[in-house]
Amino acid sequence: MATGRTHRPATRSRGIPEATVARLPLYLRALTALSERSVPTVSSEELAAAAGVNSAKLRKDFSYLGSYGTRGVGYDVEYLVYQISRELGLTQDWPVVIVGIGNLGAALAGYGGFASRGFRVAALIDADPAMTGKPVAGIPVQHSDELEKIIEEDGVSIGVIATPAGVAQQVCDRLVAAGVTSILNFAPTVLSVPDGVDVRKVDLSIELQILAFHEQRKAGEEANAEADAADEAETAAAVAPPAPRGTTGGGRKGPDGDVPAVMPA
């Protein structure tokens, strides 16, 4: 199997927009679930719903791949799985190093989704000498002094940074200098990299803050809706027309004042 250092995905040379590339993993996840259920074909509407996009956007995305489906039949699931996997570069082996084996780094090391998507964890790296040799997810941790040697020997082109923010840029610089050209950054900081190096940032705290914003906004909308309903009720009561004359108490008016509704015999 080819390694990541000698083969690169063809998406850029084929002119596929970045927005489309970002959606391809969503389609692949939905298609893989269909494949596991032995579903042979899928319509654009069904696949779009499973991926969380609209069907027109899905058909446009697939047109960049040269896949248009069959009218009345839909898309061949197995072929699309292969086609998208090939476009994403997942039909070849991608050795990955994870730097920073704290709680997050250890969790990433044990994530089974890497291997099933063509990513092989080639090494776990940590600067703490006490971690050296300690197995994490079945892989012995190696000291950061070995970083450049590991990258060279394993042909690593993808690095994952799960270190504290204060050392993330230093780690990034070493990865880039050693030949790594793609970095997945979990450290809560912005990395500076030269042209030709791709960085994807994953900041869990930012995602939670965005969710907190939406929760606060929803709570505010509910409070405003309740206040508006109360105001409407008060306004309706204030402008209600007065009861017609002669209807007080449900009786009738006579020449000498109120008269009982039922006169005595």
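Reader: What makes the approach between the side chains of aspartate 61 and threonine 20 a polar contact?

Author: In this predicted model, the side chain of aspartate 61 lies 2.8 Å from the side chain of threonine 20. A polar contact calls for N or O atoms within 3.5 Å, one able to donate a hydrogen and the other to accept it, and the pair is therefore counted as one.

Reader: Where is aspartate 61 found, and which residues does aspartate 61 touch, not counting residues up to four places away in sequence?

Author: Aspartate 61 is part of helix H3. With residues up to four places away in sequence not counted, aspartate 61 touches Thr20, Arg23 and Tyr27.

Reader: How do you know whether aspartate 61 is buried or exposed?

Author: The relative accessible area of aspartate 61 is 1%. Buried means under 20%, so aspartate 61 is called buried.

Reader: Why are H2 and H3 described as roughly perpendicular to each other?

Author: Two packed helices are described by the angle between their axes and the distance between the axes. For helix H2, residues 44-51, and helix H3, residues 55-64, the axes come within 8 Å and cross at roughly 100°. Angles of 65 to 115 degrees count as roughly perpendicular, and H2 and H3 are therefore placed in that class.

Reader: Which residues make the contact of H2 with H3, and how do they divide by class?

Author: On the side of H2 the contact is made by Ser44, Glu45, Leu47 and Ala48, and on the side of H3 by Ser55, Leu58, Arg59 and Phe62. These residues divide into four nonpolar, two polar and two charged.

Reader: What makes H1 roughly perpendicular to H2?

Author: The axes of helix H1, residues 18-36, and H2 come within 9 Å and cross at roughly 110°. Because 65 to 115 degrees is the range for roughly perpendicular, H1 and H2 receive that description. The crossing of H1 and H2 is right-handed. From H1 the contact involves Leu26, Tyr27, Ala30, Leu31 and Leu34, and from H2 it involves Leu47, Ala50 and Ala51. By class, the contact of H1 with H2 has eight nonpolar residues, no polar residues and no charged residues.

Reader: How do you know whether serine 38 counts as buried or exposed, and what is its phi?

Author: Serine 38 has a relative accessibility of 62%. Exposed means over 50%, so serine 38 counts as exposed. Serine 38 sits in the loop between H1 and strand S1 (41-42), and its phi is positive, about 60°, although serine 38 is not a glycine. Alanine 137, in the loop between strand S5 (135-136) and strand S6 (139-143), has a phi near 55°, a positive value in a residue other than glycine.

Reader: Why is glycine 15 called partly exposed?

Author: Glycine 15, in the segment before H1, has a relative accessibility of 45%. Buried means under 20% and exposed means over 50%, with partly exposed in between, so glycine 15 is called partly exposed. The C-alpha atoms of glycine 15 and tyrosine 64 are separated by 8.1 Å, while these residues are 49 residues apart along the chain.

Reader: How many helices and strands are there in the chain, and what percentage of its residues count as buried?

Author: The chain has nine helices and eleven strands, and 35% of its 265 residues count as buried. Among contacts in the chain with a separation of 6 or more, 56% are accounted for by residues 24 or more positions apart.

Note on methods. Residues are numbered from 1 along each chain as its sequence is written. This is a predicted model: local features need pLDDT of at least 70, side-chain atom pairs count only at pLDDT 80 or more; totals for chains, interfaces and linings use all residues. Side-chain values use heavy atoms; hydrogens and water are left out. Axes are lines fitted to C-alpha atoms, for helices over the stretch in contact, and angles run from 0 to 180 degrees between N-to-C directions. Helices (H or I, at least four residues) and strands (E, at least two) are DSSP runs, numbered from the N terminus. Angles under 35 degrees count as roughly parallel, over 145 as roughly antiparallel, 65 to 115 as roughly perpendicular and the rest as oblique. Contact means heavy atoms within 4.5 Å. Ala, Val, Leu, Ile, Met, Phe, Trp, Tyr, Cys and Pro count as nonpolar, Asp, Glu, Lys and Arg as charged, and the others, Gly among them, as polar. A crossing is left-handed if the near helix is turned anticlockwise from the far one by less than a right angle, and right-handed if clockwise. Buried means under 20% relative accessible area, exposed over 50%, partly exposed in between (1.4 Å probe, protein chains only).
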